[in-house]
Amino acid sequence: MTSHQKAAEPTDGLQPPQRHWAMFALLLGVLVTSLDSSIANIALPTLARSFEVSPAASVWVVNAYQLALAVCILPFSALGEAVGYRRVCWWGLAGFTLASLACAAAPSFAALV
């Protein structure tokens, strides 16, 4: 290779500045999801006492959370392909925030689940 020839740049994927932001966003999303799941598990005894349900019944909070995550992965991935991952990520963050507020304001155990 002569000094005038440049090495071919890969054309697929994001360039380094955008790639770093994308990885940061992905890492932050995984961190928030893991943290939220851990918080729900830690809060189970308090939820059981507060809503006066058995500890076995309180596990449905975590089951519902994990089920909602599992059900949403494929459809929202396909939606990201169609309308753009950034848009789906922002709408997902807004939906997550609203759902968290609704869970905090849940009047009953059934409403929480």
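This is a predicted model: local features need pLDDT of at least 70, side-chain atom pairs count only at pLDDT 80 or more; totals for chains, interfaces and linings use all residues.
**Exercise 1. Ser-58**

Task: Decide whether Ser-58 is buried or exposed, and find which residues it touches beyond four places in sequence.

Solution: 
1. Locate the residue. Ser-58 is in helix α3, which covers residues 55-83.
2. Take its relative accessible area, which is 2%.
3. Apply the cut-off: buried means under 20%. Ser-58 is therefore buried, at 2%.
4. List the contacts, leaving out residues up to four places away. Ser-58 touches Leu-44, Ala-48, Val-53 and Phe-109.

**Exercise 2. The largest nonpolar core**

Task: State which residues form the largest nonpolar core and which elements give two or more of them.

Solution: 
1. Collect the members. The core has 8 residues: Ala-40, Leu-44, Leu-47, Val-61, Val-62, Ala-106, Phe-109 and Leu-112.
2. Assign them to elements. Helices α2 (44-51), α3 and α5 (109-112) each give two or more residues to this core.
3. Look at one member, Ala-106. Setting aside neighbours within four places in sequence, Ala-106 contacts Phe-51, Ala-111 and Leu-112.
4. Link back to Ser-58. Its contacts include Leu-44 and Phe-109, and both of these belong to the core.

**Exercise 3. The largest pocket**

Task: Give the volume of the largest pocket and describe its lining by element and by class.

Solution: 
1. Start with the volume, about 2300 Å³.
2. Turn to the lining. Of its 48 residues, Gly-29, Thr-33, Gly-92, Leu-93 and Phe-96 are closest to the pocket centre.
3. Sort by element. Helices α1 (16-42), α2, α3 and α4 (85-104) each supply at least two lining residues. Helix α4 gives the most, with 15 residues.
4. Sort by class. The lining has 37 nonpolar, 8 polar and 3 charged residues.

How values were computed: Residues are numbered from 1 along each chain as its sequence is written. Side-chain values use heavy atoms; hydrogens and water are left out. Helices (H or I, at least four residues) and strands (E, at least two) are DSSP runs, numbered from the N terminus. Buried means under 20% relative accessible area, exposed over 50%, partly exposed in between (1.4 Å probe, protein chains only). Contact means heavy atoms within 4.5 Å. A nonpolar core is a set of buried Ala, Val, Leu, Ile, Met, Phe, Trp, Tyr and Cys residues joined through side-chain atoms within 4.5 Å. On a 1 Å grid over the protein atoms alone, a cavity is a set of points where a 1.4 Å probe fits but cannot get out, and a pocket is an open set with protein on both sides within 12 Å along at least five of seven lines; lining residues have an atom within 4 Å of a point. Grid points are joined across faces, edges and corners, and a volume is the space filled by probe spheres set on the points. Ala, Val, Leu, Ile, Met, Phe, Trp, Tyr, Cys and Pro count as nonpolar, Asp, Glu, Lys and Arg as charged, and the others, Gly among them, as polar.
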